[in-house]
Structure formats: structure tokens, C-alpha cells
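Keep the viewer open as you read.

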Amino acid sequence: MNISKALIGALSAAATFLASTAPVRADGEVNIYSYRQPDLIQPLLDAFTKKTGITTNVLFLDKGLVERIQAEGANSPADVILTVDISRLTEAKDAGVTQPVANETINKDIPDHFRDPDGNWFGLTTRGRVVYASKERVAQDDITYEELADPKWKGKICTRDGQHSYNVGLFASMIAHHGEAEAEKWLTGLRNNLAKKPDGGDRDQAKAIFAGECDLALGNSYYVGLMITNEKEPEQKEWASAIKVLFPNTKDRGTHVNISGMALAKNAPNKENALKLMEFLSEGEAQKIYAEQVFEYPVLPGAEPSEVVKSFGEIKPDTLPLAEIAANRKKASELVDKVGYNDGPQD
């Protein structure tokens, strides 16, 4: 088996994690392999440990997570997989590194359209792929994704890398709604409206609007909450104050949403503790923490988003099945390269 450079890097980066988890089968531990950044999930894990006494060990990888679990095989210490995108959940399932879960509590808390039919993954929160708009330079308060290709926005739009999973998910939804040919035309138009080559993260797009480099940007809704409440980097509050959140397509199909989610690792050595963690993440306390501290939309029926998120306005989620989005992601990624999206605007 060939081990990629990404996996080699992951193995090196995680060496201390393996040491810290010995013995792997300790009764009071659960090992989490996470695509989610540690600072976003730590409040949840602290609450879980306080409630259960079970210690959480987290290995964060921004790439190569599935390959690592495959390489570890039956001796993998991974118990729970946390990730930020439907494609990564389906990737883990397709790679055979998850196992099905039939749990009454989890199935009761998480609606069936946010669950894998075979029980291999579960959505925990949703986030909208919204438009950040300059409060000063954009008068309109509604928009569609289709409108982003309108020449009136030429030189006015900023985005992160077109191949980032957040953008690929949106582009895949456009294929699902309009077909590949129309989606290609749309993506070409969006590329031509870019103010510069795609770069940075979603928060950097808000910063670019604040700096006057562009008027519109694509970004996830929860980043706005994180910026508004960022006491450690108060300049991010200025970025957030320069933008308003527009929920695209509220008058028709609704705003594209994606999920964060969880899965039980195939060879989970601490399976009982893993299931306790998964139950906790689906229940009211954790869903409230997600809402209040991570600024995402809870999937638990009846759970409310935070007041900060409510201040953005009401989201009307696109009801396109997540499995259909995942099925179009490969085509979407190919279109990004075909139209030269990451090369930026072309005259």
C-alpha cells in the first residue's frame, strides 16, 4: 500500500496523540479523529467530560484522516470521527472506516434526512453557504446564487479556493439544480466576476469586504457569529460590522446548507464510550452549545439557534438531499479546474 505525503505528515503530526492514548482501551477514554478544528469542539468535549467523567483525546487532521485510519487497520485507536462536510462523511463510509449504529437516542434526536440510511453517519448541525455583502456598497437585501454570475458584479466578488469543500458543495448543488452544462456557464460567470484570485478562508473574505477589495463574498453563516464575538482578535469584529448576511434564493428553493457530523469508527476500541459521546452530541445540552458557541443551526427538532444567528435573519434551507449533493461533488470539482476558477477573473 502506497502511503501519500499527506498521510506521512499526518502520522508525524499525530505521534504525540498515540502516546497520549496508551493504553488505547482505557475504560475512561474516548479517542476522536476530527476534521473539525479543536477550538470549535472543545466546549462540547468539556461538557461531555464533566457529565460522564470520560476523558476525550482529539487528533485533528485537516487532510488524510481516512487514509490514516485505513493504514492503522484493526489496531486503529479511533473511536469517533467528527467532520465538517457531507462529502467527508460519505468518503469515510465508502472507504470502509465506519460501522453502522442503531441507537434509539440518536435516531430520536436526529431527523432521518440528516442520517445515513445505513446508520454509518449522522448530521449534528447545519450551516448556510451565504453571501456576505458590504453594508455600505450593496443596497439590496436579497440575492440568488444565479445572480452572482451577472456581469453587474464584475470585479466585485471574493471567495476562497474553488476546490475547498465548502465551495465544491455549493457548486455541486448548482449541478443538481441546473445540470452540468448550465452550472459550467454559471461558474464561468462567477469566475469572471471575481475581484482577485480565490484565497484565504471565509473570514478573510469578510476582511476583504471591510478593506474595500470586493462587495460580495461567499461564506458560511457561522463564521459571522465567530467574528462578532471574537474577543481575542477584535479586528474581526470590525470585519463583521462591515457586512450583512444575505440568504440566497429565499424566494424560491432556499439557501444551500451543509452539515457537520459524526460516525463510529470501524474498529472503535472504546465503543461503549464512543456511543455515549455520540448520544451526548445529539442531545439538547450539546445542541445548545453548538448553537450558542459555534453559531450553527442545531438539527435537534425544537432546538433554537443563538440570538446572534437569529439576528442575521431567517434561513430557508434548500431541501435538496445531501446525498444528491455528494453525488455531484466530483463533477463540481472537475468544473472548477475546467473553467480555471482558481486562476481568477479573465478578460
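## Helix packing, salt bridges and buried residues

Helix α3 and helix α13 (residues 284–294) pack at an angle of about 150 degrees, and their axes are 9 Å apart. Here helices (H or I, at least four residues) and strands (E, at least two) are DSSP runs, numbered from the N terminus. Axes are lines fitted to C-alpha atoms, for helices over the stretch in contact, and angles run from 0 to 180 degrees between N-to-C directions. The angle therefore makes α3 roughly antiparallel to α13; angles under 35 degrees count as roughly parallel, over 145 as roughly antiparallel, 65 to 115 as roughly perpendicular and the rest as oblique. The crossing of α3 and α13 is right-handed, a word used if the near helix is turned clockwise from the far one by less than a right angle, with anticlockwise giving left-handed. On the α3 side the contact (heavy atoms within 4.5 Å) is made by L40, P43, L44, A47 and K51, and on the α13 side by E285, A286, I289, Y290, Q293 and V294. Sorted by class, the contact of α3 with α13 has eight nonpolar residues, one polar and two charged. In this scheme Ala, Val, Leu, Ile, Met, Phe, Trp, Tyr, Cys and Pro count as nonpolar, Asp, Glu, Lys and Arg as charged, and the others, Gly among them, as polar.

A word on the source before going further: this is a predicted model, in which local features need pLDDT of at least 70 and side-chain atom pairs count only at pLDDT 80 or more, while totals for chains, interfaces and linings use all residues. Residues are numbered from 1 along each chain as its sequence is written, and side-chain values use heavy atoms, with hydrogens and water left out.

Stay with α3 (residues 38–52), whose axis also comes within 11 Å of the axis of helix α12 (residues 271–282), crossing at roughly 120 degrees. That makes α3 oblique to α12, and α3 passes α12 in a right-handed crossing. Look for L44, L45, A47, F48 and K51 in α3, which meet N273, K276, L277, F280 and L281 in α12. Seven of the residues in the contact of α3 with α12 are nonpolar, one is polar and two are charged.

Now move to another pair, helix α8 (residues 180–192) and helix α16 (residues 329–338), whose axes come within 10 Å and cross at roughly 40 degrees. α8 and α16 are therefore oblique to each other, and their crossing is right-handed. E180, A183, E184 and L187 of α8 make this contact with K331, L335, V336 and K338 of α16. By class, the contact of α8 with α16 has four nonpolar residues, four charged and no polar ones.

How many salt bridges does a search of the whole structure find? It finds 25, where a salt bridge is a side-chain nitrogen of Lys or Arg within 4 Å of a carboxyl oxygen of Asp or Glu. One of them joins E182 to K185, with the closest N and O atoms 3.5 Å apart. Both residues lie in helix α8, three residues apart, about one turn of the helix. E182 is partly exposed, at a relative accessible area of 43%, whereas K185 is exposed at 57%; buried means under 20% relative accessible area, exposed over 50%, and partly exposed in between (1.4 Å probe, protein chains only).

K244 and D141 form another salt bridge, their closest N and O atoms being 3.0 Å apart. This pair links distant parts of the chain, 103 residues apart: K244 sits in strand β8 (residues 243–246) and D141 in the loop between β5 (122–134) and β6 (157–158). K244 is buried, with a relative accessible area of 18%, while D141 is exposed, at 59%. Elsewhere, R36, R127 and E296 are linked in a network of salt bridges.

The loop between β5 and β6 also holds I143, which is buried at a relative accessible area of 3%. Not counting residues up to four places away in sequence, I143 touches V131, L148, L216, L246, F247, P248 and N249. Finish in strand β5 with R129, which is buried with a relative accessible area of 2%. With the sequence neighbours up to four places away again left out, the residues that R129 touches include Y145, R160, D202 and H256.
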